[in-house]
Amino acid sequence: MDINHYDFDLPEELIAQTPLKNRDASRLMVMDTKKREIEHRVFSDIREYLHPGDCLVLNDTKVLPARLYGMKEETGGKVEVLLLHQHEGDTWEVLMKPAKKVKEGTVLTFGDGRLKAVCTKELEHGGRLVEFSYEGIFLEVLESLGEMPLPPYITEQLEDRDRYQTVYAKEEGSAAAPTAGLHFTEDLMQELQDNGVELIYLTLHVGLGTFRPVSVDNVEDHDMHAEFYTLSEESADRLNKVKEKGGRIISVGTTSTRTLETIYRGNNRFVAERGWTDIFIYPPQEVGSIDGLITNFHLPKSTLIMLVSAIAGRDFILEAYNRAVKERYRFFSFGDAMLILK
């Protein structure tokens, strides 16, 4: 399980820096794993591959404007804070830069004092627990002071922060977008429903652990960070009925897939559940919870390219990725999409 088995050459100019004007105008690579065939389409053509009785499973998490720029109250030294997830009340786990200068008891201030935070605990890898203080409603304060936490490989300014949200985003709490869902428009979703495709929602609040690079040579030595998920009783029942009737479960994004597989492996069916998952999916594991996956193109040597390799096979995935590079597909968060059919 050498990490280098999941490497490929990616020209930097293929990393999409901005979203396309129309969400569903991105390109779509369709992979048929049974026939081992690849088609090149447009994302709006997804309707041709989904049939009455199938369902799409979408992650309705909403990205917080979770990046804050402030200063240490005592010295005026600049700090950058990235909210990861809420603990109790106004206590949050955050990533801090520069972390070594923020010790327990350090007071931070943002927006001329409209928001303050005190470090209550030092964690590993630049992590901290902080307790915020403010007047009014925290999310409203955050909305006015925070910035969207775009990945580090996106260097251009995002003009419209809604373009880093899915059109169905609802449950606030993510530090990153479930990017496979960015391709859907409200009109396309309505058309799919009119054609008999069910839309079923779950929530997984995306943390940075999903995108953290693998720093070990042996894949099996990598530790995933945990992320919080919820599947309602209604959604679980609808998923079980789709399976019973022979419909296909098509997961939108790796976050939806990790949630479904966490629940399905533990029960051999779908049940209402909420909790934390640190599931790490890679070959030769099998993914039994879904029949297909809509996803974006992922980083070399990442846990996400390992996940899609568990579904489609490593050799076929690397063949597809190399073809995507040759065909000049756009990669990563604002890039093009892939539909993998098992």
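A compact globule of 342 residues would have a radius of gyration near 20 Å, and the chain has 20 Å, so the two agree. The radius is taken over C-alpha atoms, and the globule rule is 2.2 Å times the number of residues to the power 0.38. The model is predicted: local features need pLDDT of at least 70, side-chain atom pairs count only at pLDDT 80 or more, and totals for chains, interfaces and linings use all residues. Residues are numbered from 1 along each chain as its sequence is written, and side-chain values use heavy atoms, with hydrogens and water left out.

**Overall fold**

Along the principal axes, the C-alpha atoms fill a box of roughly 65 × 45 × 40 Å. The chain has six helices and 17 strands, taken as DSSP runs (H or I, at least four residues, for helices; E, at least two, for strands) and numbered from the N terminus. Of the 342 residues, 54% count as buried; buried means under 20% relative accessible area, exposed over 50%, and partly exposed in between (1.4 Å probe, protein chains only). With contact meaning heavy atoms within 4.5 Å, 70% of the contacts between residues at least 6 apart in sequence join residues at least 24 apart. The mean positions of the 40 positive and 57 negative charges are 2 Å apart. Lys and Arg count as positive and Asp and Glu as negative, without His and the chain ends; the charge is placed at NZ of Lys, CZ of Arg, CG of Asp or CD of Glu.

**Aromatic pairs**

Rings of Phe, Tyr and Trp (its six-membered ring) pair if their centres lie within 6.5 Å; planes under 30 degrees apart count as stacked, over 60 as edge-to-face and the rest as tilted. The count comes to 17 aromatic pairs. In one of them, the ring centres of Trp92 and Phe138 are 5.7 Å apart with planes at 35°, so the pair is tilted. This pair links strand 7 (residues 91–97), which holds Trp92, to helix 1 (residues 138–145), which holds Phe138, across 46 residues.

Tyr164 and Phe334 form an edge-to-face pair, 6.0 Å centre to centre and 75° between the planes. Tyr164 lies in the loop between helix 1 and strand 11 (171–174), and Phe334 in the loop between helix 6 (314–326) and strand 17 (337–341), so the pair ties together parts 170 residues apart in sequence. Tyr164 is buried at 1% relative accessible area, and Phe334 is buried at 5%. One aromatic cluster is made of Phe8, Tyr153, Phe297, Tyr321, Tyr329, Phe331 and Phe332.

**A buried leucine**

Leu188 sits in helix 2 (residues 186–194) and is buried, with a relative accessible area of 2%. Not counting residues up to four places away in sequence, Leu188 touches Asp24, Phe43, Ser44, Ile46 and Arg47.

**Backbone features**

| Site | Feature | Angle |
|---|---|---|
| Lys97 to Pro98 | cis peptide bond | omega about -5° |
| Pro283 to Pro284 | cis peptide bond | omega near 10° |
| Arg36 | positive phi | phi near 55° |
| Asn268 | positive phi | phi near 60° |

Pro98 is in the loop between strand 7 and strand 8 (107–110), and Pro284 is in the loop between strand 15 (273–277) and strand 16 (292–296). Arg36, in the loop between strand 1 (27–32) and strand 2 (37–42), is partly exposed at 45% relative accessibility. Asn268, in the loop between helix 4 (254–267) and strand 15, is exposed at 61%.
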